[in-house]
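Biologist: I would like to learn how to read a model of this kind with some care. Could we go through it one feature at a time?

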Amino acid sequence: MDGQKIIDVLLVEDDPGDVLMTREAFEHNKVRNRLSVVQDGVAALEFLRKQGEHADAPTPDLVLLDLNLPRMDGREVLEAMKSDDRLRAIPVVVLTTSEAEEDVVRSYSLHANAYVTKPVDFDRFIDVVRQIDEFFVEVVRLPSR
């Protein structure tokens, strides 16, 4: 290992194609971070709170959160996270197809750490995931767990 820290990333995404692209982007960029995936907002909060089948889940250092999710949408997940003393310090990057200004404004008002619109082009998507990874692994100092 070259000394690069490895972080736990939780991807909250219901689109299997986007999950696959994110996994491939991690592999393509040789990102060694551990990626966990849940498909809806309820499962995201269960994972983060270590409930049910997620009792042994790692506490993520970073959450990549889609907004349009079944059962509980990403905005509700973000609001719940930032209202929970145990979860509020976990950085959240909203990674979504929505370019709506109201989604951007609402996400930041709910204390998202960043808002990124998913590129539809695979090469650009890989580049965006690499940049998110580099920023949160090499530039930003994350809180200790």
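The dialogue below takes up confidence, the sheet, a crossover unit and a cavity.

Biologist: What is the mean pLDDT of the protein chain, and where is confidence lowest and highest?

Modeller: This is a predicted model, and pLDDT is the predictor's confidence in each residue, from 0 to 100. Here the protein chain has a mean pLDDT of 90, with 94% of its residues at 70 or more. Confidence is highest in helix α2 (residues 41-48), at 98, and lowest in α5, where the mean is 86.

Biologist: In what order do the strands of the sheet lie, and is the pairing parallel or antiparallel?

Modeller: In general, strands of a sheet pair through backbone hydrogen bonds, and the pairing can be parallel or antiparallel. In this structure five strands form an open sheet in the order β2-β1-β3-β4-β5, with parallel pairing. Since β2 (34-38) and β5 stand at the edges, each with a single partner strand, one side of each is left without a neighbour in the sheet. From one strand to the next, the twist averages 20°.

Biologist: Which helix belongs to the β-α-β unit with β4 and β5, and is the unit right-handed or left-handed?

Modeller: The helix is α4 (residues 101-109), and together with β4 and β5 it makes a right-handed β-α-β unit.

Biologist: How many cavities of 30 Å³ or more does a search of the whole structure find, and which residues line the largest cavity?

Modeller: The search finds one cavity of 30 Å³ or more, and about 60 Å³ of space lies in the largest cavity. Its lining is made by I7, V9, F26, N33, L62, L64, V129, I132 and D133, which divide into seven nonpolar residues, one polar and one charged. Both β3 (62-65) and α5 (122-139) supply at least two residues of this lining, and the largest share, three residues, comes from α5.

Key. Residues numbered from 1 in each chain as written. Predicted model: local features only at pLDDT ≥ 70, side-chain atom pairs only at ≥ 80, totals over all residues. Heavy atoms only, no water. Right-handed = clockwise from strand over helix to strand, strands pointing away. Helix = DSSP H or I, 4+ residues; strand = E, 2+ residues; numbered from the N terminus. 1 Å grid on protein atoms, 1.4 Å probe; cavity = no way out; pocket = protein on both sides within 12 Å on 5 of 7 lines; lining within 4 Å. Points joined across faces, edges and corners; volume = space filled by probe spheres on them. Nonpolar A, V, L, I, M, F, W, Y, C, P; charged D, E, K, R; others polar. Pairing = 2+ DSSP bridges. Axes fitted to C-alpha atoms, helices over the stretch in contact; angles between N-to-C directions.
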